[in-house]
Amino acid sequence: MESRRDGQTLFGSTRPRRPASPRRTSRAAQPFGPSRRRSTVGRGQSELVGAVLILGMSLLVISTVVAIGGTQLVDQQADADLRSAETSFTNFASKAVLVAAGESDGRTVTLPRDNRADTAVDPDQGRLLIELRDETGTTVEKKLEDRSLGGITYQHGEDTVAYEGGGVWRMEDGRARMVSPPPIHYRGTTFTMPVPLIESGDASGGAARVSPAGPRERIYPDPTDEDRQNPLSNGTVHITVESDYYEAWGRFFESRTGGSVSYDHDDDSVTLRLATEDPDRQLRDAVTGTSPSRFEIRGAGGSSFTDSYNSSVGPYDDSQSGDGDISTTGTIELGGGAEVFGDVESGGSVDIGGGSTIFGNASYTDSLGLTGNAEVTGWTADNASVTPARPIDSLVDVERSSLADDNDNDDAEIIDESRFVDTTEESGTLILTEGRYSLDELNLDGRTLRIDVSDGDVRLGVNGDLALAGENVEVVGDGGDARLYVSRNVELTSGTAVEVEDDVSPRLWVYGTRDATVEVRSGSTFTGVIYAPTDSSGSGTVDINSATVKGSVVGGRTTLQAGGTVHFDTALAGTDPLHGADVPRVTFLHISGSPITVDRR
């Protein structure tokens, strides 16, 4: 076989030769020209920019960390300064009380001092007012004390720590709290208040000396004044503190005495009220008004009246009678054909007009007025003696707190934490049986609540309003009673029915505070006892309008109108509405004031 020549195929044909490609010069052999220089410079610039960015970000991170850390350090330093001031003032308080009590001629103390805050003595800081008033709390019978407390304040920015009235107080983020208590004690029926009063001083931090600034003042009792002697009777004691820390003072009064405490936020003051007598609080009347304001019964738009029945005999329809008595601290006014089937007793006047009638006796303190065919079928006399029930705010608060802390909510399938379960979980009747419960509100959402006391008592704290509109509550069983402690208002409207089996009203008790608004309106009915007494410092009201109550109502300024009726259950007569619960009172009062001075050393 012949050999193939270049370009010749295996079968002898010839294929075109591919032209030779020019030889490539390797990159290493290429000359160093402008394009190469631009590439190298660009990469160098990128590296430089990246380094700058990394450096900038690092500096930003470092600056942020330093700033945050610096703020935290400042906050920590401020907190440490304030806590140190608390300790200094607490030590000061322990020595000042010894000087005030006469157990020392003077003590060396150390007040808080640093270059980040100011410490100053202010003899005009705070104010103390102590008064003896009448039983209603409206008339001042004797002013025992009215003067400045004096104090020392450590000011660190917007926050402060202060010594005032023997106690140490702190204001932080606009909220006052007590650091250490003043030397005030309440045991049994004895109230003791020895008050250190800072009268003068030039101390401004650091070493100082606390010394007596004068003789100890006996405010009460006063051996030289026969009108300032123990035991106390027939009145109330009012102790008012005006202070930047008044809210903390109030919480201290509430926890230490359990007495009646009211706040005046406009004047930055708090008042503790202690009664000298434990009044006869037995239920005797269909309606009791405890407010000095006018008590009104208006028949216009329907027949408004009071009468009675006896649930121990039978329900209202089977045991109706005419013992629907009314009593009130203030004046009572009847008009529009209103009727009272029972007696009326007023701590003010009794004004009757518009064809209204009292089918019983009328006693009063001021006057009796009869106009427009008004009539009193029994005797009339100016011999009224009305002793109002006292507010029970402390009792309501204690019971609600106790129920919130210790309850059977977890065992009740119809309660989810502090609310009734949603209608998607239970759309029918909600049933509560014997136990202790706490709710933020009574959210029935159109359902019926059945309280079954067959196996024992039901206790329920409501941390808000008891508000029902067209919903029903049933109390069944005879093995105990149900007691509801309500922090705010009681509002029953739009045909709501709160009923007790066979009209046995002693099985349901609803308790409220002095500021509670009680409304039973618009065709609603309630069977049981509503007990929410007020006084001159409270804003409580009762409005029964086109509605019916079976049992008894004790509340604030009261109005029955347009068919508002109350049927007193005489089975309640003589019953203690608080079932023996102790309400704070004072019989022995021991108050003294000890002026002291705090000077730099």
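1. D481 and R459 form a salt bridge whose closest N and O atoms are 2.9 Å apart, the term being used for a side-chain nitrogen of Lys or Arg within 4 Å of a carboxyl oxygen of Asp or Glu. The pair links distant parts of the chain, with D481 in the loop between strand 36 (472-476) and strand 37 (482-486) and R459 in strand 34 (residues 458-462), 22 residues apart. D481 counts as buried because its relative accessibility is 11%, and R459 is likewise buried, with a relative accessible area of 13%. Here buried means under 20% relative accessible area, exposed means over 50%, and partly exposed lies in between (1.4 Å probe, protein chains only). Helices (H or I, at least four residues) and strands (E, at least two) are DSSP runs, numbered from the N terminus.

2. The model is a predicted one, in which local features need pLDDT of at least 70 and side-chain atom pairs count only at pLDDT 80 or more, while totals for chains, interfaces and linings use all residues. Residues are numbered from 1 along each chain as its sequence is written, and side-chain values use heavy atoms, with hydrogens and water left out.

3. A further salt bridge is formed by D535 and R514, with 3.1 Å between the closest N and O atoms. D535 lies in the loop between strand 42 (525-531) and strand 43 (541-545) and R514 in the loop between strand 40 (508-511) and strand 41 (517-521), so the pair ties together parts that are 21 residues apart in sequence. D535 counts as buried because its relative accessibility is 5%, and R514 is also buried, with a relative accessible area of 3%.

4. Because the two residues are three apart in helix 4 (residues 393-405), R400 and D397 are separated by about one helical turn. An α-helix has 3.6 residues a turn, so residues three or four places apart point the same way. R400 counts as buried at 16% relative accessibility, whereas D397, at 32%, counts as partly exposed.

5. For the structure as a whole, the search finds 28 salt bridges. A network of salt bridges links D79, R83, E86, R170, E172 and R177.

6. On the surface, a patch of negative charge gathers E242, D244, E247, D266, D267 and D268. Patches are made of residues with over 30% relative accessible area and no salt bridge, like charges being joined within 9 Å and nonpolar side chains (Val, Leu, Ile, Met, Phe, Trp, Tyr) within 5 Å. Lys and Arg count as positive and Asp and Glu as negative, while His and the chain ends are not counted; the place of a charge is taken as NZ of Lys, CZ of Arg, CG of Asp or CD of Glu. Accessible areas come from the Shrake-Rupley method with a 1.4 Å probe, and for residues only the protein chains shown count as cover.

7. Helix 2 (residues 246-257) has 12 residues and reaches 16 Å from its first C-alpha to its last, close to the 16 Å expected at 1.5 Å a residue, where the expected span is 1.5 Å times one less than the number of residues. Its buried residues are Y246, A248, W249, G250, F252, F253 and T257. Just after helix 2, G258 adopts a positive phi of about 70°.

8. Two cis peptide bonds deserve a look. The bond from Y220 to P221 is cis, with omega near -5°, and P221 is found in the loop between strand 12 (217-220) and strand 13. N230 and P231 are also joined by a cis peptide bond, with omega about 0°, and P231 is placed in the loop between strand 12 and strand 13.

9. Positive phi values also occur at non-glycine residues. D445 has a phi of about 50° although it is not a glycine; D445 is placed in the loop between strand 32 (435-439) and strand 33 (448-452) and counts as partly exposed at 45% relative accessibility. H579, again not a glycine, has a positive phi of about 55°; the loop between strand 46 (565-569) and strand 47 (588-600) holds H579, which is partly exposed, with a relative accessible area of 32%.
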